[in-house]
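Thanks for coming. I have one model to go through today, so let me put it on the screen.

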Amino acid sequence: MIDVAPLLADLTDDQRAAVQHGEGPLLILAAAGSGKTRVITRRVAHLLATGVPARNILAITFTNKAAGEMKARVEKLVPGNQVWVSTFHSLGARLLRMYGERLGFDRNFTIYDTDDRAKVVKAALDATGIDNVKYSPERIASEISKAKNQLLTPPQYERTATDFMRQVVAKVYHGYEKRLRMANAMDFDDLLYLPARALRENEELRRDLDARFKYVLIDEYQDTNMAQYEIAKRLSIDHPNLCVVGDPDQSIYKWRGSDIKNILDFERDFPAARVITLSQNYRSTKNILHAAGVLIDHNKQRKKKPLVTDNEQGTPVTALAFETGSDEADGVAQRIKEAVQQGRFKYRDHAVFMRINALTRSLESAFVKHGVPFQIVKGLAFFERKENRDVLAYLRLLANPQDAISFLRIVNEPSRGIGKVSLDKLQSFAADQEIGLLVAAGQVARVTEIKGKAATGLRDFHRLMTELRARMDLPPHELVQLVLEKSGYETMLKESGDQEDADRLANVGELITAAKQFWDEDNSRTVTDFLEQITLASDVDGWDEQSDQVSVMTLHASKGLEFPVVYMLAVEQGLLPHERSVGNTEEEEEERRLCFVGMTRAMKELHLCSARLREKRGQINYTIPSIFLQELPREVKFVDASGRNQARSAADEYRAKIGPAASDWADTGAQPYFPPKPKTEIKPNIVPGSADEFAPDAVVQHAEYGFGKVVEATGFGALRKVKVQFAGHGTKVFAGASIPLKVIKRKA
DNA sequence: CTGCTCGGCCTTTTT
DNA sequence: GGCCGAGCAG
C-alpha cells in the first residue's frame, strides 16, 4: 500500500478535502491559479493509494499535452499504474476502435479534420442538386457540427428544420453522413457523438463501461458540450463518482458548442454532489489578480466571487499604447530583450497572447529583427503544409482504402495524367457499384468512358497502393520513405529545380523524423496511431516549454498555462472584444472571459498593448481602445509608448500608405489611451429615436462596415437620417427609428 | 490534361 | 494580403 501522507502534506484544507473526497459526485469550483491541476493529479494518486484499481479510473483533460503531463505526474507519485488519462476526443477514438465492430464500424477509420469535413460537405451539397446555394460548405459544416453536438441524427435534425437554411442543412447532413460512413471516416464530432449515442442506446455497453470507469474525473468542465456531458453522465449512473473541475469565468468555447450550463447545473444534475470551492490564487501578484477581478466583474451573467491571493503586491499592470501595429511588435520585442539583458527574466518566462492568429506576423519579424528567440505555439502548422498533407494522405489511404478524400487528394499527385473529367466518371462508377474509389480504380477497365492516359494512370495508382499496402507492417517512418520513393513524389520534388520544392523535400524529411520519433517512443505504435495523434493534436501539444524562447499563442491556446511575464496584443475594440461578438451580450461576455483568461496567466508582470493604427486585410485603420481597458481599475498604469521621435517615421509611412484612396476616412479622434473615467459619469439625456442618439462626431460601429464616424444626424423617428463615414466603406446613410449602429464613443 | 492568371472571397477563436 | 476556384491558352 502506498503512503498517503505525502499526497496531502502540502495542501490547503480545501484542496485536501477535494483530494480525500471518497465516493459520490464532486464539483470543484476552482478559480484561476488555485492549483486545480495539482488537486486532480493528487486525487487520482490518492484514489490509487487507497486501493482503487487503476483500470477503474478515467481522467479527462482538455489537451493531449495536459493528459501526458498528468500521466507523468501520477506515474511519479504512484509508479507503474495504468490509469487512462486522455482528452474527450482521444477517449472517443479509443472507444470507437475498441467497440467499433460491436457498433458496426470498421476500426481502421480515418479521422477527418475541418478541411476534409468541408470537402465532404461540399460533395454532399453538390449531390443534393440545390443550385445557387447561398451557404458556404464551412457554414453548413458548422451547422452539422452543432447538430451532432446536440446528439441529433439527420432525421431528428430534419424535424427541427423550420427555416430554409436548416432545410438545406438537413438534406446535406443526410448525404454527409452517408459519405463519411462510405469512406469509413469519422469527423471530430463523431468521436463524441457516436460514443455518446452508443452509451445512450446500448444499455449493455453502458453498464460495462460504467463499471469499468468507476471513478471519472473531468478537468475544464466549464467547456464541455452536450455530447461530452452525455458521456460523463452515462458513465456515472451505477457508480456516480464523477468529479468535475472548472471555473465558469474561464468558459471560452461556447462558439464550439460548449455549454456553461453543464457546470452551473451540476448540482441539479447530481443532487448528492459535494461542492468545494478553491478561491485562493497562488499564481499572480495582487495587482494582476485585482485587475483581472475588476474586469470580470463587469460580466452580468456571473456569480460574484472573490479572488484572493497572499502573493506580493507586485508591479502595476500596464496598458501600453503604441502608434502602429509594427511599433507594438517592436516595443514588445525590445522590452523582452531588455528584461533578459538586465537579468530580470529569461526568454522562456515571457508569453505573448493575441485574439487572432493573423497578428503573429508582425511579431515574427520584430522578434527576428531584435534577435529574440521565440516559438509560435500552433501545433498543426507543420503537418498542414501541402507536401506533408499529401504524404499523410498516402498513409491515410493505405490505412483505410475507403478514404475518398485522401484518394482524391493524391491520385494525381504527382501527376499521372488523371484529370477532373476522368475522376468524375470514376466517382459516379464507384457510387453506382457502391465501392470505394481505390477499388474502382482497380476496375477501371469496366469504365468504358475512361481511356488513354487517365485509364493507365488509375491502373498504375491502384497497383502502387496495392504494392504499398503489402508493406503496412513497416514502422511508420519507413513506410513514409517507401511511399516517397515508389510514388514518385520524391523524384518530383528533387527534379523540379525549384527552391520551393527543395524546401518541401526538407519538410517531408522532417515528417519522417517526426514519424521515427513517434515510433521510437513506443515500437508497438502503428501508422493509424501516428495519423490519429497528428489529427487530434491541439495547438499547445507542439509547445516546447524547455527551450529558452518566448511563447507566442492565441488567448484560447493559453488556457491552463502560466508565465511570469505576459504581453497581450491588440487590446482594441474589434479585436478584443472581437467585432463579431459586438452587439451580442453573451458573446461580449465570453470575450471578457477570454481577456480574463489571458490576464490570469500572468504571474509577475502583465502588459496590455494596443496601437492607434492597425493594419487589417491590407488596410490601415484607426483603432478604438478596447472597452476592457476602460473597465480596468485605476491603479493600472497607462503608458504612452508611441515614442514620438522614433515611431514617427513608421507612423508617417503608414499615413502615406493610407493615401488618397482612403481620404474620405477621417481620424476618429479616439485616443490610444486615457485614464479610466470616474464611475459617476453624467449620461447625456438622450431621447431614443431622436437624432441626438447619433450626434455628429460620435464613433459608431456597424456589423458589416465596422467603425465609422457620424457626419450628420437629423430628424426624428421614421424621418431620422444619420450619415456615417466608415473606414474603407465610404459614407453610408441610415434612416428610420431603428438604426443598426452601436455608439462606441459619443462626441467628447 | 496541365498550368497559368485573374478575380473574388475571406478571416475569430479549435478538437 | 493570401488563398482558392474559375477560365483560358497550349
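Glu220 sits in the loop between β6 (215–218) and α12 (226–234). Helices here are DSSP runs of H or I with at least four residues, strands are runs of E with at least two, and both are numbered from the N terminus. The phi of Glu220 is near 50 degrees, a positive value in a residue other than glycine. Glu220 is buried, with a relative accessible area of 7%; buried means under 20%, exposed over 50%, and partly exposed in between, with a 1.4 Å probe and protein chains only.

Before I go on, the conventions. This is a predicted model, where local features need pLDDT of at least 70 and side-chain atom pairs count only at pLDDT 80 or more, while totals for chains, interfaces and linings use all residues. Residues are numbered from 1 along each chain as its sequence is written, chains are lettered from A and ligands numbered from 1 in the order in which they are written, and side-chain values use heavy atoms, leaving out hydrogens and water.

Back to the backbone. Most residues other than glycine have a negative phi, and most peptide bonds are trans. Glu434 also has a positive phi, about 55 degrees, and is not a glycine. Is Glu434 buried or exposed? At 66% relative accessibility, Glu434 counts as exposed. Glu434 lies in the loop between α20 and α21 (437–442).

There are cis peptide bonds to point out as well. One joins Glu413 and Pro414, with omega about 0 degrees, and Pro414 is in the loop between α19 (404–410) and α20 (420–433). Another joins Leu576 and Pro577, with omega about 5 degrees. Pro577 is in the loop between β15 (563–568) and α27 (585–599).

Now the sheet that contains β6. It is an open sheet of six strands in the order β3-β2-β6-β7-β1-β8, with parallel pairing. Two strands count as paired if DSSP finds at least two bridges between them. The edge strands are β3 (84–87) and β8 (274–278), each pairing on one side only. From one strand to the next, the twist averages 15 degrees. Within the sheet, β6 and β7 (residues 241–246) pair in the parallel sense over four bridges. Which residue of β7 is the bridge partner of Ile218? That partner is Val244.

Helix α2 (residues 13–20) lies across β1 (26–30) and β8, running at about 145 degrees to β8. Helix α4 (residues 64–77) lies across β2 (57–61) and β3, at about 165 degrees to β3. Axes are lines fitted to C-alpha atoms, for helices over the stretch in contact, and angles run from 0 to 180 degrees between N-to-C directions.

Next, the nonpolar cores. A nonpolar core is a set of buried Ala, Val, Leu, Ile, Met, Phe, Trp, Tyr and Cys residues joined through side-chain atoms within 4.5 Å. Of the 65 residues in the largest one, Ile140 and Ile218 touch the most other members. The largest share of this core, eight residues, comes from helix α9 (residues 164–182). Not counting residues up to four places away in sequence, Ile218 touches Ile60, Phe88, Thr224, Ala232, Leu242, Cys243, Val244 and Val245; contact means heavy atoms within 4.5 Å. A second, separate core of 49 residues includes Leu423, Phe429, Val447 and Val483.

On to a helix pair. The axes of α6 (residues 114–128) and α7 (residues 137–149) come within 9 Å and cross at roughly 100 degrees. That makes α6 roughly perpendicular to α7, a label for angles of 65 to 115 degrees. Among the residues making the contact are Val121 and Leu125 of α6, and Ile140 and Ile144 of α7.

Last, strand β11 (residues 318–324). How many of the seven residues of β11 are buried? Seven of the seven are, so β11 is largely enclosed by the rest of the structure. Six bridges join β11 to β16 (residues 602–616), the two running parallel, and Thr324 stands opposite Leu613 there. Four bridges join β11 to β18 (residues 637–640), also parallel, with Leu320 opposite Val639.

For the overall count, chain A has 29 helices and 23 strands, and 53% of its 748 residues count as buried. Among contacts in chain A between residues at least 6 apart in sequence, 74% join residues at least 24 apart.

Key
Angles under 35 degrees count as roughly parallel, over 145 as roughly antiparallel, 65 to 115 as roughly perpendicular and the rest as oblique.
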